[in-house]
Amino acid sequence: MKVSSDIASLKPYVPGKSIQETMREYNLDSVVKLASNENPLGLSSMALKAIIEALPELHRYPDASFAELKQAMSEYYEVEPKYMSFGNGSNELIDLLIRVFCEPGDCILTSEKAFIAYKICAKAASVKTFELPMGEDLKFPLQSLVEFLKNPNNPKPKLLFIANPNNPTGTYIGHKELKSFLDEVSNIPDLLVVLDEAYCEFVREDEAVDGAKLFKEYKNLVLLRTLSKVFGLAGLRVGTLIAQPEVVDYINRVRNPFNVNSLAQVAAPAAVKDKSYIQKAQEVNWKGLDYFYKELERLGLPYWKSQANFVLFDTQRDVMACNEALLTKGVIMRPLLGYGLKTHLRLSVGLMKENQVAIKALEEVLKEQKPLENK
Ligand SMILES: *Cc1c(COP(=O)(O)O)cnc(C)c1O
């Protein structure tokens with residue numbers, strides 16, 4: 001069997017360990033999973049109702065034109081339908097963007113601590129990824145991105161990926177800073193700037209960005225939104241792409257006609273209309289983050305303020321040993337070795353009870369595991 005060298009050397013995405021897997025492996029009755037930035041509230045009751053009502057129609061193919069979904073998301077995002085397409089999660093849209101706009105041998109640009117799906121999807125398409133380092137603040141290095149793009153000796157990336165807020169760092173670029181960045185890069189020929197706003201509903205900063213307004217001003221901007229986070233539909237897989245109609249048209253040519261399933265197409269409109277669920281999700285998240293900050297300070301662990309639904313912190317210890325010890329106590333967090341974060345864990349916000357269980361387990365593990373010498 002012969003596969004391309006890029007596929008042969010591809011390291012697959014490592015998802016968070018599942019609850020069932022962990023219960024079995026560690027012989028536990030209960031497990032708290034705070035590893036995948038999922039919504040801890042469970043499904044919105046309005047979404048659940050829509051799903052149940054749609055069940056008897058599952059022998060039909062989904063609506064390939066997304067009529068109801070598009071209408072609902074258009075109202076929610078205040079963007080006309082012609083600017084939108086949809087994917088099987090925004091992850092599929094990342095994949096499609098790379099397939100549509102890059103040829104093998106082309107390159108994309110991002111940061112080394114950006115969401116890892118960009119690099120994985122690129123490699124799968126034999127597209128090279130240039131990753132610029134972040135500074136101590138773990139924010140997207142806008143200045144070095146501009147310098148890279150303006151240096152005539154560098155290859156010309158077709159796509160620039162920015163996650164805002166970023167996963168796994170939780171860091172954020174405010175409106176003013178982002179605008180002046182876009183002013184610098186909006187006229188570079190054949191470059192699309194992909195702004196992945198998976199966590200935008202969790203932003204508490206005053207200087208919040210509304211990408212859905214910016215994309216009309218900057219024609220090379222492509223927005224990605226998802227129903228997986230604040231809307232609690234991670235298992236159904238729906239992501240939204242917002243871009244100029246020309247971009248939408250190319251994506252629609254390449255995507256599979258039924259890439260968003262029927263249940264997802266009815267659950268998404270219901271979920272975005274469930275205002276009280278969304279509000280509750282935000283409140284639970286913000287209270288949870290404040291609790292984590294307070295506890296991490298008490299435990300003396302450095303952390304990064306987050307505008308998303310998770311916090312990144314530095315255990316200052318052998319992270320795989322810490323992670324193993326946490327798993328034996330029934331708590332799943334996420335190590336981030338693939339991002340070059342050698343002693344860090346990412347902890348998603350859960351219900352307050354789950355947050356407390358996680359912190360208690362962490363406190364025990366910190367006592368068992370010695371800090372590394374050079375820390
Ligand atoms: C979770 C996440 C997504 C969403 O992925 P889906 O495929 O829509 O579930 C996209 N981008 C980032 C940065 C994420 O963390």
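# Close-up views of the predicted model

**View A. P168 sits in the loop between β5 and α8, and P165 is in the loop between β5 (159-163) and α8 (175-185) as well.** Helices (H or I, at least four residues) and strands (E, at least two) are DSSP runs, numbered from the N terminus. A quick word before zooming in: this is a predicted model, in which local features need pLDDT of at least 70 and side-chain atom pairs count only at pLDDT 80 or more, while totals for chains, interfaces and linings use all residues. Residues are numbered from 1 along each chain as its sequence is written, and side-chain values use heavy atoms, with hydrogens and water left out. Another cis peptide bond joins N167 and P168, and here omega is about 15°.

**View B. The ligand is shown with the residues around it, N167 among them.** The rest of the shell is made up of G89, S90, N91, F115, D196, A198, Y199, T226, S228, K229 and R237; to count as near, a residue needs one of its heavy atoms within 4 Å of the molecule. Sorted by type, the shell comes out as three nonpolar, six polar and three charged residues. For that sorting, Ala, Val, Leu, Ile, Met, Phe, Trp, Tyr, Cys and Pro are nonpolar, Asp, Glu, Lys and Arg are charged, and the others, Gly among them, are polar.

View C. How much of the ligand's 380 Å² does the protein bury? The answer is 93% of what the ligand exposes when taken alone, with accessible areas from the Shrake-Rupley method and a 1.4 Å probe (for residues, only the protein chains shown count as cover).

**View D. F101 and Y250 make an aromatic pair.** Searching the whole structure turns up 12 aromatic pairs. In this one the ring centres are 6.5 Å apart and the planes meet at 85°, so the pair is edge-to-face. Rings of Phe, Tyr and Trp (its six-membered ring) pair if their centres lie within 6.5 Å; planes under 30 degrees apart are stacked, over 60 edge-to-face, and the rest tilted. The pair ties together distant parts of the chain, 149 residues apart: F101 belongs to helix α5 (residues 90-101) and Y250 to helix α10 (residues 245-254). F101 is partly exposed at 23% relative accessible area, and Y250 is partly exposed too, at 34%. Buried means under 20%, exposed over 50%, and partly exposed in between (1.4 Å probe, protein chains only).

**View E. Y291 and F292 form a tilted pair.** Their centres are 6.0 Å apart, with 45° between the planes. Buried or exposed? Y291 is buried at 14% relative accessibility, and F292 is buried at 0%.

**View F. Two rings each have a charge over them, one of them F130 and the other F310.** K128 lies over the face of F130, 4.9 Å from the ring centre. Over the ring of F310 you'll find the charged end of R346, 5.5 Å from the centre. The rule is NZ of Lys or CZ of Arg within 6 Å of the ring centre and within 35 degrees of the ring normal.

**View G. F66 and D190 are non-glycine residues with positive phi.** F66, with phi of about 60°, is in the loop between α3 and α4 (67-77) and is buried at 1% relative accessible area. D190 also has phi of about 60°, but its loop runs between α8 and β6 (192-196), and D190 is exposed at 66%.

**View H. S111 lies in strand β3 (residues 107-111).** S111 is buried at 1% relative accessibility, and its side chain reaches the backbone oxygen of L132 at 2.9 Å.

Conventions: A polar contact is a pair of N or O atoms within 3.5 Å; within protein, one must be able to donate a hydrogen and the other to accept it, and residues adjacent in sequence count only if both atoms are side-chain atoms.
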